[in-house]
Amino acid sequence: MSEKPQKIGRVYLIGAGPGDPGLITVRGRECLRRADVVVYDYLANEALLDSAPSGAELIYAGKIGGLHNHEQSQINELLVRKALAGHVVARLKGGDPFVFGRGGEECEALAAAGVPFEIVPGVTAGIGAAAYAGIPLTHRDFTTSVAFVTGHEGAHKDASEIDWQGLSLGSGTIVFYMGMKNLPLIAQNLIGCGRPPETPVALIRWGTRAEQVVLTGNLGDIAEKARKANFKPPAITVVGEVVSLRDKLRWFDNRPFSGKGILVTRAADQAGEFSSMLERYGAKIFECPTISISPPEDWLEVDTAIQALSGFDWTIFTSANAVRMFFMRLGDKKLDTRAFGSCLVCAVGPKTAAALSAFGIRADLVPPDYKAEGVVAAFKAIGISGKKILFPKADRAREVITKGLTALDAQLIAPVLYRNITPESVPEKVLAALEEGQIACATFTSSSTVENLAAILGENRMLRLLSNVAIASIGPITSRTCRELGLHVDIEPAEYTLEALTEEMLGFFRRSN
Ligand code: SAH
């Protein structure tokens, strides 16, 4: 019996970019998708971990300031060990792996152990944060050169390995990494070596992330300003005349919701669209789902309907959730779209129709009015007397459709296909943000989102946590529920859509800024 040679893995040293998850490269994401093991840093945005396969082992090897979770040699050893065991390892590092990232040392260890590796460059913080702060690192009118310098070792001028004289006069723009602690010394050294104290300086903290903060000043006053503002790492320091361009070129941190935390209480699978709409205006989103979808307590009624599916004249789906849950059950029964036979399908709303088409079904009827009343009106127009209709519904569905169709003489079967469940708790991160006053606005897109939040937190606690938070409600019914629970509604659009709600929120924050 021949023994299989042991597979040797490989290591992808991937630059995660400076923070905005969109700034990882296409190649970086591709490699991440292949990983069995991901070893990631403090500065790599954790949102990127979602790109790794669901079974991948995630290992945090973060370093926070001087506090090393894993010593570098342990990290090197870990990478080698995992790769030699046959794993594909994604080593995910903030920014670019070869810019102050100790990627060179990790590669040396891999090379020495004979482990194959690939290096995927990333957008380094100096480039990314400056761009998101509206500071071009070079500009023909200001400077012809830029230097990236570590601010970490910058002890006393004489003991420093940095050529302060050369740096201060030789390079137009200077970007310091890890320089917060030594900021007073850095400024002092540059001034001492001939840079005028009026030279503009910008500090950029958490650059490219929603929480980006920028502090500007000049070499003479920046250290004091940073001290007063209690400005903390991680931040880069940009020194040079180009910093003055920020006044004209600022674009990221002056958007209407920049620096504002917004609470989104929609169901997890519905929140995405609304959240990304708000993110486009700079909001930092805190998702706190107040509704989640779960299967019925008993599948019997649904299963019976599924067995007879091709004998129905119509099946009605009123939400994408219903579509997904129904097809999940079909799949469990080893069935697929063909089980519908010649049964026609009605989809309520374009999102439901889109969910159906993902399973290869083109809806035969999409009523122009998405409300339950609109569905009844559409069937009335077709005429369904005596027809067999399947309506797999949510447990808390209104009765408009069931009553309306029965009144039209249809033979209606309406089993409960899914239940709307109230989660037991609020995510830790959201609770901390509420306690720390990081949330400027809470959004409620249905009465149940408010009621459920009150149920999860308790009414008094909800009122306390939301006391300084602007309340945005999608329409009058939701607003009434808010008021009944003691909340003061600040924002309500005339039209009940997420777009209109967003517009109204923009107006509110423009007025209050
Ligand atoms: N390899 C990384 C740098 C690691 S050194 C890169 O290429 O970006 C760590 C330092 O990078 C931090 O102390 C800080 O100065 C800087 N840094 C990393 N991410 C940052 C961010 N989002 N905003 C500001 N500075 C950042």
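Student: Okay, a residue is near a molecule or strand if one of its heavy atoms lies within 4 Å of it. How many residues surround the ligand here, then?

Tutor: There are 18 residues around the ligand, and V99, T124, M178, G207 and A235 are the closest. Keep in mind that this is a predicted model, where local features need pLDDT of at least 70 and side-chain atom pairs count only at pLDDT 80 or more, while totals for chains, interfaces and linings use all residues. Residues are numbered from 1 along each chain as its sequence is written, and side-chain values use heavy atoms, with hydrogens and water left out.

Student: What classes of residue make up the shell around the ligand?

Tutor: The shell has 12 nonpolar, 5 polar and 1 charged residues. Here Ala, Val, Leu, Ile, Met, Phe, Trp, Tyr, Cys and Pro count as nonpolar, Asp, Glu, Lys and Arg as charged, and the others, Gly among them, as polar.

Student: Which backbone atom is 2.8 Å from an oxygen atom of the ligand?

Tutor: That one is a polar backbone atom of M178. A polar backbone atom of P18 lies 2.8 Å from a ligand nitrogen, and a backbone N or O atom of G207 is also 2.8 Å from a nitrogen atom of the ligand. For such polar contacts, the N or O atoms must be within 3.5 Å; within protein, one must be able to donate a hydrogen and the other to accept it, and residues adjacent in sequence count only if both atoms are side-chain atoms.

Student: And where does the ligand lie relative to domain 1 and domain 2?

Tutor: It lies between them, because domain 1 (10-122) and domain 2 (127-249) both give residues to its shell. Those bounds come from an automatic or database domain assignment.

Student: Switching to the backbone. What joins P233 and P234?

Tutor: A cis peptide bond, with omega at about 0°. P234 sits in the loop between helix 7 (222-229) and strand 12 (235-239). Helices (H or I, at least four residues) and strands (E, at least two) are DSSP runs, numbered from the N terminus.

Student: What about phi at F100?

Tutor: F100 has a positive phi of about 45°, although it is not a glycine. You'll find F100 in the loop between strand 6 (88-93) and helix 3 (103-113). K334 also has a positive phi, near 60°, and belongs to the loop between helix 11 (320-332) and strand 17 (344-347).

Student: Is K334 buried or exposed?

Tutor: K334 is exposed, at 76% relative accessible area, whereas F100 is partly exposed at 36%. The cut-offs are under 20% for buried, over 50% for exposed and in between for partly exposed (1.4 Å probe, protein chains only).

Student: Last topic, the rings. How many aromatic pairs does a search of the whole structure find?

Tutor: It finds 18 of them. Rings of Phe, Tyr and Trp (its six-membered ring) pair if their centres lie within 6.5 Å; planes under 30 degrees apart count as stacked, over 60 as edge-to-face and the rest as tilted. One of the pairs is Y40 with Y60, which is tilted, at 5.4 Å centre to centre and 55° between the planes. It links Y40 in strand 2 (residues 37-40) to Y60 in strand 3 (residues 57-60), 20 residues apart. Y40 is buried at 10%, while Y60 is partly exposed at 27%.

Student: And how do F327 and F359 pair up?

Tutor: They are stacked, with 4.2 Å centre to centre and 10° between the planes. F327 lies in helix 11 and F359 in the loop between helix 12 (350-357) and helix 13 (372-382), so the pair ties together parts 32 residues apart in sequence. Ring pairs also link F317, F326, F327, F340 and F359 into a cluster.
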